[in-house]
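Please look over the following report, which goes with the sequence and the structure shown below. It turns to individual side chains and then to the overall fold.

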Amino acid sequence: WNQHDQEKCSLARLAALPAADALKTAHAAILRTFLATSKDPEEREYLQDVLAKTESGVVEAPNYKAPH
């Protein structure tokens, strides 16, 4: 089990979600990754706040539109 396997599994779970839920889930996962690697207390506080708001629906994940 390696990083590549973990990424494939995560992508498979995201693909099974409706688009809006998948985007919110991916956004929260990215925030968790940044939080896990951050050493700066102010940055960690900011990331925790944004993550909590994202998970509760107070802040929506970015709305990316596919180019035509």
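This is a predicted model: local features need pLDDT of at least 70, side-chain atom pairs count only at pLDDT 80 or more; totals for chains, interfaces and linings use all residues.

Side chains of opposite charge can pair when their charged atoms come close.

## A salt bridge within helix 3

The count of salt bridges comes to 2, and another pairing to consider is that of Asp-49 with Lys-53, whose side chains meet at 3.2 Å, N to O. Asp-49 and Lys-53 are 4 residues apart in helix 3, so about one helical turn separates them. Asp-49 is partly exposed, with a relative accessible area of 38%, and Lys-53, at 33% relative accessibility, also counts as partly exposed.

Is Leu-31 buried or exposed? Leu-31, which lies in helix 2 (residues 19–37), has a relative accessible area of 8%, and because the cut-off for buried is under 20%, Leu-31 is buried.

When residues up to four places away in sequence are set aside, Leu-31 touches Leu-47, Val-50, Leu-51 and Thr-54. The C-alpha atoms of Leu-31 and Gln-48 are separated by 8.1 Å, although these two residues stand 17 residues apart along the chain.

## A negative patch on the surface

Asp-40, Glu-42, Glu-43 and Glu-45 together form a negative surface patch. Of these residues, Glu-45 is found in helix 3, which covers residues 41–56, and Glu-45 counts as exposed because its relative accessibility is 57%.

## The protein as a whole

The secondary structure consists of 3 helices and 0 strands, and the pattern read along the sequence is α-α-α. Of the 68 residues in the protein, 16% are buried, and Leu-31 has been described above as buried. The accessible surface comes to about 5,600 Å², of which 58% belongs to carbon and sulfur atoms.

Among contacts between residues at least 6 apart in sequence, 36% join residues that are at least 24 apart.

Notes
Residues are numbered from 1 along each chain as its sequence is written. Side-chain values use heavy atoms; hydrogens and water are left out. Patches are made of residues with over 30% relative accessible area and no salt bridge: like charges are joined within 9 Å, nonpolar side chains (Val, Leu, Ile, Met, Phe, Trp, Tyr) within 5 Å. Accessible areas come from the Shrake-Rupley method with a 1.4 Å probe; for residues, only the protein chains shown count as cover. A salt bridge is a side-chain nitrogen of Lys or Arg within 4 Å of a carboxyl oxygen of Asp or Glu. Lys and Arg count as positive and Asp and Glu as negative; His and the chain ends are not counted. The place of a charge is taken as NZ of Lys, CZ of Arg, CG of Asp or CD of Glu. Helices (H or I, at least four residues) and strands (E, at least two) are DSSP runs, numbered from the N terminus. Buried means under 20% relative accessible area, exposed over 50%, partly exposed in between (1.4 Å probe, protein chains only). Contact means heavy atoms within 4.5 Å.
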